[in-house]
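Reader: I have a structure open and would like to go through it with you. Could we begin with some of the individual residues and then turn to the whole protein?

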Amino acid sequence: MLSRALLETQGKMAWQSLRSSTGSSLFRMPALFSHFGIRFLSKPGSRSTAPNINLLYELKDDIMHDMVHFKVTSNVHPMGLHKLHKVIPDFWENPMSHPIWKDSEIQTVKNTHYEPRTSTDRLALSGVRFCRGLLNGVTGYKSGILSEKKVLNRLILLETISAVPGMTAGMLRHLRSLRMMDRDHGWIHTLLEEAENERMHLLMFISMRDTGSLFRLGVLGTQGVFMNLFFVTYSFFPSLCHRFAGYLYEESVATYDELLAAIDQGPLQEWAAHRAPAFGINYWHLKRDATLRDLVLAIRADEAHHRDVNHTFASLQMDQNNPFVRLP
């Protein structure tokens, strides 16, 4: 909570800055609106009349808030608050929590399959198989000789789809919690962590391939169709969507198993010696000399984790507690 003295200080300084920037007239609308977060396009070289944010928060030590993830990571806090830990220059750490796998966990990942038991399960599995056929046809993944280009195209398209369910489901559960004025039972954070983790997978592979305009246009169309279908379906049949996501991540695990086979004894053996991107090493806390094969193993473990989480969610009611988090 902000102290009363701090509120009074901020109010006086904001009013003084407002008067000095607008003069005696209230018809200088851009300067006035800038104090309410509305920014107009300005001419090159023009100076901003917004108050100095550092002055407004000179009493920042009195501010109490719940944005813990900003305070414990090495990232610079947007409000300039002191950190609980020393900031490490030139090092970025993702503030969204995610699993850090041990070597024993990475090596023991299994390609499991949830046998469909209901018509809903069979519908979800059929939907994933249809998507798999489209991906294989568009990328040529199963036709001809396997190449690095085919693999990266398949992985990039797969990850652009895999990052949608978590974000969409988390958003809809967030809105539902607001409408019902009730708690969410711990689902939202797990779903958003899943979406961010899948986005990081995409960033890893994008750093290895420069996609063209036609490819990006295809991603745009695919995302537009899939996002809206998933949004509407989740609004009425959330269990179906979580089962679909579970089967989608099963397909992801199978894809990474095939990729590992191509690295170990196929056309991508150079990946076993190629160093992984630096931000991938930081994100998964891999050893400093980790290779692309090590990176693929970590990503496969992520996919297996999301697979099991979504199959579990599909078997729960909307108002049941998330078994993967500790609730008060």
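This is a predicted model: local features need pLDDT of at least 70, side-chain atom pairs count only at pLDDT 80 or more; totals for chains, interfaces and linings use all residues.

Reader: Then which residues is threonine 160 in contact with, leaving aside its neighbours within four places in sequence?

Author: With those neighbours set aside, threonine 160 is in contact with Leu202 and Val219. Threonine 160 itself lies in helix H7, which covers residues 148-180.

Reader: Is threonine 160 buried or exposed?

Author: Threonine 160 is buried, because its relative accessible area is 12% and buried means under 20%.

Reader: What does the side chain of threonine 160 reach?

Author: That side chain reaches the backbone oxygen of leucine 157, at 2.6 Å.

Reader: And how are threonine 160 and arginine 199 placed, by C-alpha atoms?

Author: Their C-alpha atoms are separated by 7.4 Å, although the two residues are 39 residues apart along the chain.

Reader: Let me change topic to the pockets. What is the volume of the largest pocket?

Author: The largest pocket has a volume of about 560 Å³. Its lining consists of 22 residues, and those nearest its centre are Phe130, Cys131, Phe226, Leu229 and Phe244.

Reader: Which elements give two or more residues to that lining?

Author: They are helix H6 (119-139), H7, helix H9 (213-236) and helix H10 (238-265). H9 gives the most, with nine residues.

Reader: How do the lining residues divide into nonpolar, polar and charged?

Author: The lining has 18 nonpolar residues, four polar residues and no charged ones.

Reader: Now to asparagine 322. Where does it lie?

Author: Asparagine 322 lies in the segment after helix H12 (292-314). Asparagine 322 counts as buried because its relative accessibility is 2%, against a limit of 20%.

Reader: Which backbone atoms lie by its side chain?

Author: The side chain of asparagine 322 reaches the backbone oxygen of glycine 186 at 2.8 Å. A polar atom of that side chain also lies 2.9 Å from the backbone nitrogen of phenylalanine 324.

Reader: I would also like to ask about the backbone angles. What is the phi of histidine 185?

Author: Histidine 185 has a positive phi of about 70 degrees, although it is not a glycine. Most residues other than glycine have a negative phi.

Reader: Where does histidine 185 lie, and is it buried or exposed?

Author: Histidine 185 lies in the loop between H7 and helix H8 (187-206). With 13% relative accessibility, histidine 185 counts as buried.

Reader: What about histidine 285?

Author: Histidine 285 is not a glycine either, and its phi is positive, at about 55 degrees. The loop between helix H11 (278-284) and H12 holds this residue. Histidine 285 is exposed, because its relative accessible area is 55% and exposed means over 50%.

Reader: Finally, the whole protein. How many helices and strands does it have?

Author: The protein has 12 helices and zero strands.

Reader: And what share of its residues is buried?

Author: Of the 328 residues in the protein, 40% are buried. The protein exposes about 19600 Å², and carbon and sulfur atoms supply 60% of that area.

Reader: What share of the contacts with a separation of 6 or more comes from residues 24 or more positions apart?

Author: Such residues account for 64% of those contacts.

Conventions
Residues are numbered from 1 along each chain as its sequence is written. Side-chain values use heavy atoms; hydrogens and water are left out. Helices (H or I, at least four residues) and strands (E, at least two) are DSSP runs, numbered from the N terminus. Buried means under 20% relative accessible area, exposed over 50%, partly exposed in between (1.4 Å probe, protein chains only). Contact means heavy atoms within 4.5 Å. A polar contact is a pair of N or O atoms within 3.5 Å; within protein, one must be able to donate a hydrogen and the other to accept it, and residues adjacent in sequence count only if both atoms are side-chain atoms. On a 1 Å grid over the protein atoms alone, a cavity is a set of points where a 1.4 Å probe fits but cannot get out, and a pocket is an open set with protein on both sides within 12 Å along at least five of seven lines; lining residues have an atom within 4 Å of a point. Grid points are joined across faces, edges and corners, and a volume is the space filled by probe spheres set on the points. Ala, Val, Leu, Ile, Met, Phe, Trp, Tyr, Cys and Pro count as nonpolar, Asp, Glu, Lys and Arg as charged, and the others, Gly among them, as polar. Accessible areas come from the Shrake-Rupley method with a 1.4 Å probe; for residues, only the protein chains shown count as cover.
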